Amino acid sequence: QELYNFIKRINDIFYDVLDSENTLKSQTPNLIQQNDTLKKLCKKLQDDKKILNKNLDDIETREKTWRNEIEGKFQNSLSEIRTKIGDHEERYNSVVDENKKL
């Protein structure tokens, strides 16, 4: 009786393992397909990331150039303003000197 129960238990375990193996075998093609899909998606994502990084680099370069141009124009404008202020100051001083003489 004890031996019979032991053999029955082993037989149950064997069939459980066999069922598990069959289940895994039936799922394998689907898992392989999912794995392939995930690999393709990862590759696409990596490619998109490279493109995005390149675009960001291009944008940063253009923005830096634009900022430098704007800064140059601003500095030129400041120089022109300083020159005009100097001219006006000279004229003002001339007028003041002339008025003092009168």
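I looked up Asp-58 and found 31% relative accessibility, so Asp-58 counts as partly exposed. Buried means under 20% relative accessible area, exposed over 50%, and partly exposed in between, with a 1.4 Å probe and protein chains only. The model is predicted: local features need pLDDT of at least 70, side-chain atom pairs count only at pLDDT 80 or more, and totals for chains, interfaces and linings use all residues. Residues are numbered from 1 along each chain as its sequence is written, and side-chain values use heavy atoms, with hydrogens and water left out.

Which side chain meets that of Asp-58 in a salt bridge? I noted Lys-54, at 3.1 Å from N to O. A salt bridge here is a side-chain nitrogen of Lys or Arg within 4 Å of a carboxyl oxygen of Asp or Glu. Asp-58 and Lys-54 both lie in helix 1, four residues apart, about one turn of the helix. Helices (H or I, at least four residues) and strands (E, at least two) are DSSP runs, numbered from the N terminus.

**Two further pairs**

I then checked Asp-48, whose side chain forms a salt bridge with that of Lys-44 (3.0 Å, N to O). Both residues lie in helix 1, which covers residues 2-101, and they are four residues apart. Asp-48 has 33% relative accessibility and counts as partly exposed. Lys-44, at 48%, counts as partly exposed too.

Next I looked at Arg-67, which forms a salt bridge with Glu-63; their closest N and O atoms are 3.0 Å apart. Arg-67 and Glu-63 are four residues apart in helix 1, so about one helical turn separates them. Glu-63 is partly exposed, because its relative accessibility is 36%. I counted six salt bridges in the structure.

**The whole chain**

I found one helix and zero strands in the protein. How many Å does the C-alpha trace span along its principal axes? I wrote down about 140 × 30 × 10 Å. The radius of gyration is 42 Å, whereas a compact globule of 102 residues would have one near 13 Å. That radius is taken over C-alpha atoms, and the globule rule is 2.2 Å times the number of residues to the power 0.38.

Buried residues make up 0% of the 102 residues. The protein exposes about 10,100 Å², of which carbon and sulfur atoms supply 57%; accessible areas come from the Shrake-Rupley method with a 1.4 Å probe, and for residues only the protein chains shown count as cover.
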